[in-house]
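Please open the model in a viewer and keep the sequence at hand.

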Amino acid sequence: MTGFSYRQLFRVPEFTPLFLSAAAQTAAQTVSGLALGTLVYRATGSPLLSAVSMFGPSLAQVLGATVLLSGSDRLPPRSALTGLSLAFAGAAALMALPGLPTWGVFAVVLVQGLVASLGGGVRWGLLNEMLGGAEGGYLPGRSLFNMMSGLMQITGYATGGVLVTALSPRPVLLLAALLYATSAVVARLGLSARPPRAAGRLSAAATRRANAALWSSRPRRLTYLGLWLPNGLVVGCEALFVPYDPGAAGTLFACAALGMLAGDVLVGRLLPPALRPRLATPLLLLLAAPYTLFALHPAVPLAAVCAALASVGFGASLVQQERLMSLTPPELSGHALGLHSAGMLTLQGVSAALAGGAAQLTSPATAMAVMAAMSIAVTLVLGSAARTGTPDARGAAGRAPSAPQRDGPGGPDGEGEGEGGVRRRGVNERADDMGAG
């Protein structure tokens with residue numbers, strides 16, 4: 001553990017309002033996602049469209065990552081976070097309109113995802129700046145945010161499931177709009193007017209240059225792939241909770257969030273720093289393995305246990321994202337985190353669509369087992385690449401190592417590359433980053 005305890009984090013100026021703003025966003029994204037998935041499934045009866053409606057905003061992240069992402073470090077954080085929250089509030093209210101056709105819902109989802117591509121970089125870049133980066137309090141800070149996300153998802157999915165059943169999806173979308181607006185108010189009143197971390201204007205050219213610089217280093221490439229692929233495929237499993245059992249979807253999502261919370265506590269507070277990177281691959285395998293049991297179409301109680309156990313594995317990405325920050329210069333920290341979020345959410349959206357398509361052809365249970373098997377295969381391939389990697393100098397955005405030390409390339413275990421003593425981390429940011437952008 002680094003030098004911050006959880007209690008000390010709340011003594012850092014502006015940490016509390018950033019935390020509360022993110023909590024409101026996470027709750028809003030959670031209840032709106034469940035309501036939207038249910039609304040579309042009731043209207044169409046399609047597992048594919050239901051999955052895409054819940055995770056479809058993620059698909060637009062790839063476009064935002066190539067056009068807008070430079071704004072993560074080039075926009076004032078307070079204004080950006082406030083504006084993004086208001087945009088999400090408007091989108092949720094628009095999707096609640098009774099006369100909005102299904103194609104209109106997906107049009108709003110697409111625009112929402114495009115706007116969201118900025119939010120992850122802005123929020124997590126600001127957190128990294130507040131807490132002193134990878135060598136300061138970033139890991140415990142992000143761990144605490146992840147724990148909050150788990151609690152908000154447990155509460156949000158449980159409450160949202162009850163409200164969707166008792167009322168209808170549209171009032172729940174209006175509740176989400178109110179929560180997004182609350183997040184905007186907290187960010188505007190609680191955060192100070194910090195200047196951007198980098199000079200220049202938001203532009204597609206600047207975004208492409210920074211993306212190329214970040215991608216030019218093999219350690220960073222493997223780190224990104226380790227953060228994007230295994231958990232993206234598993235989110236494809238989660239995207240089928242509604243068609244798997246519409247009445248129990250809220251329970252399954254809540255249990256998955258409970259498992260994610262346990263994984264964050266395990267990695268963020270209990271595991272010794274020296275042990276964390278070596279447990280990344282076992283955790284990633286745990287993330288997928290329980291979903292293979294869905295091929296047997298387990299009853300809801302066993303399915304809930306599988307979802308909770310699997311989500312403990314999301315803690316693997318905590319050390320991966322910490323490593324990413326250690327490989328990235330401060331002036332690109334927001335952009336690097338934004339690229340991580342955008343790529344991860346894009347892969348989650350692609351995986352949701354892939355899982356939905358497979359469920360159309362087979363069944364939700366079979367599709368979930370197939371996605372889990374793919375995640376296991378990807379994890380093993382990345383682990384092999386990490387072990388057989390060769391030393392690689394950092395790309396244009398990287399920093400030279402202060403001393404030659406053995407370290408990993410950013411695959412699941414991070415072993416094999418020599419770029420200075422670093423660690424990695426990351427998280428399942430379904431709610432964190434779609435709520436924050």
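What follows is a sequence of selections, each with a short account of what is found there.

**The whole chain**

Begin with everything displayed, bearing in mind that this is a predicted model. The chain contains 20 helices and zero strands. Of its 437 residues, 61% count as buried. Among contacts in the chain with a separation of 6 or more, 86% are between residues 24 or more positions apart.

Select Glu14, which sits in the loop between helix H1 (6–9) and helix H2 (15–44). Glu14 is buried, because its relative accessible area is 16%, and the cut-off for buried is under 20%.

**Ser21, within helix H2**

Move on to Ser21, in helix H2. Ser21 counts as buried, at 1% relative accessibility. Now display the side chain of Ser183 as well: a polar contact of 2.8 Å joins the side chains of Ser21 and Ser183. Which residues does Ser21 contact, leaving aside its neighbours within four places in sequence? They are Arg123, Ser183, Val186 and Ala187.

**Met152, in helix H9**

Select Met152 next; its place is in helix H9 (residues 138–166). Is Met152 buried or partly exposed? Its relative accessibility is 24%, so Met152 counts as partly exposed. With neighbours within four places in sequence left aside, Met152 is in contact with Ala23, Thr26, Ala27 and Thr30.

**The pair H6 and H7**

Select residues 77–95 for helix H6 and residues 102–116 for helix H7. Two packed helices are described by the angle between their axes and the distance between the axes. For H6 and H7, the axes come within 10 Å and cross at roughly 170°. This crossing makes H6 roughly antiparallel to H7, because angles over 145 degrees count as such.

Show the side chains where the two helices meet. On H6 they belong to Leu84, Ala87, Phe88, Ala91, Leu94 and Met95; on H7 they belong to Val105, Val108, Val109, Gln112, Val115 and Ala116. By class, this contact has 11 nonpolar residues, one polar residue and no charged residues.

Go to His297, in the loop between helix H15 (280–288) and helix H16 (300–311). His297 is a residue other than glycine with a positive phi, near 55°.

**Helix H16 and Ser311**

Which residues of H16 are buried? They are Ala303, Ala304, Cys306, Ala307, Ala308, Ala310 and Ser311. To see what the buried residues of H16 pack against, display helix H12 (218–238), helix H13 (241–244), helix H14 (249–270) and H15.

Finish the tour at Ser311, in helix H16. Ser311 counts as buried, with a relative accessibility of 1%. Not counting residues up to four places away in sequence, Ser311 touches Glu238, Ala256, Gly259, Met260 and Leu287.

Methods: Residues numbered from 1 in each chain as written. Predicted model: local features only at pLDDT ≥ 70, side-chain atom pairs only at ≥ 80, totals over all residues. Heavy atoms only, no water. Axes fitted to C-alpha atoms, helices over the stretch in contact; angles between N-to-C directions. Helix = DSSP H or I, 4+ residues; strand = E, 2+ residues; numbered from the N terminus. Parallel < 35°, antiparallel > 145°, perpendicular 65-115°, else oblique. Contact = heavy atoms within 4.5 Å. Nonpolar A, V, L, I, M, F, W, Y, C, P; charged D, E, K, R; others polar. Buried < 20%, exposed > 50% of the residue type's maximum accessible area, 1.4 Å probe, protein only. Polar contact = N/O pair within 3.5 Å; in protein donor to acceptor, adjacent residues only side chain to side chain.
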